Amino acid sequence: MVTHVKMGSSATESYDSIGFIGLGAMGFPMAKHLANKLPPETQIYVFDVAKEAMDNFCAEFPKKIVKCGSAREVAQQTVDTLKKEILG
């Protein structure tokens with residue numbers, strides 16, 4: 001599951017934050033691709049039931065990844081960012 005908050009609406013969209021749940025055999029390469037392609041200031045909130053998967057991902061992108069304690073926390077973090085952007 002991926003949630004995101006979009007900043008602006010140009011052809012080169014910028015994302016303030018991304019939520020990514022599931023860093024398994026399929027999710028890890030997808031999340032890694034996003035981490036490599038998104039601007040450096042984009043925060044990626046992640047959760048996986050396997051703590052080791054989150055630790056490995058965080059070690060690869062220490063300034064970009066924020067480990068969360070649950071899928072709910074990932075959603076909450078991205079929704080809070082969305083509220084800030086909409087409400088100012």
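**Close-up views of a predicted model**

View 1. At 28% relative accessibility, Asp55 is partly exposed (buried means under 20% relative accessible area, exposed over 50%, partly exposed in between, with a 1.4 Å probe and protein chains only). This is a predicted model, where local features need pLDDT of at least 70 and side-chain atom pairs count only at pLDDT 80 or more, while totals for chains, interfaces and linings use all residues. Residues are numbered from 1 along each chain as its sequence is written, and side-chain values use heavy atoms, leaving out hydrogens and water. Asp55 forms a salt bridge with Lys51, their closest N and O atoms lying 3.1 Å apart (a side-chain nitrogen of Lys or Arg within 4 Å of a carboxyl oxygen of Asp or Glu). Another salt bridge joins Asp55 to Lys67, at 2.8 Å between the closest N and O atoms. Together, Lys51, Asp55 and Lys67 are linked in a network of salt bridges.

**View 2. Lys32 meets Glu60.** The side chains of these two residues form a salt bridge (3.1 Å, N to O). The pair links distant parts of the chain, with Lys32 in helix α1 and Glu60 in helix α2, 28 residues apart (helices, H or I, of at least four residues and strands, E, of at least two are DSSP runs, numbered from the N terminus).

**View 3. Strand β3 and its neighbour.** Four of the five residues of β3 (residues 43-47) are buried, so the strand is largely enclosed by the rest of the structure. β3 pairs with β4 (residues 65-67) in the parallel sense over three bridges (pairing takes at least two DSSP bridges between the strands). Here Ile44 stands opposite Ile65 in β4.
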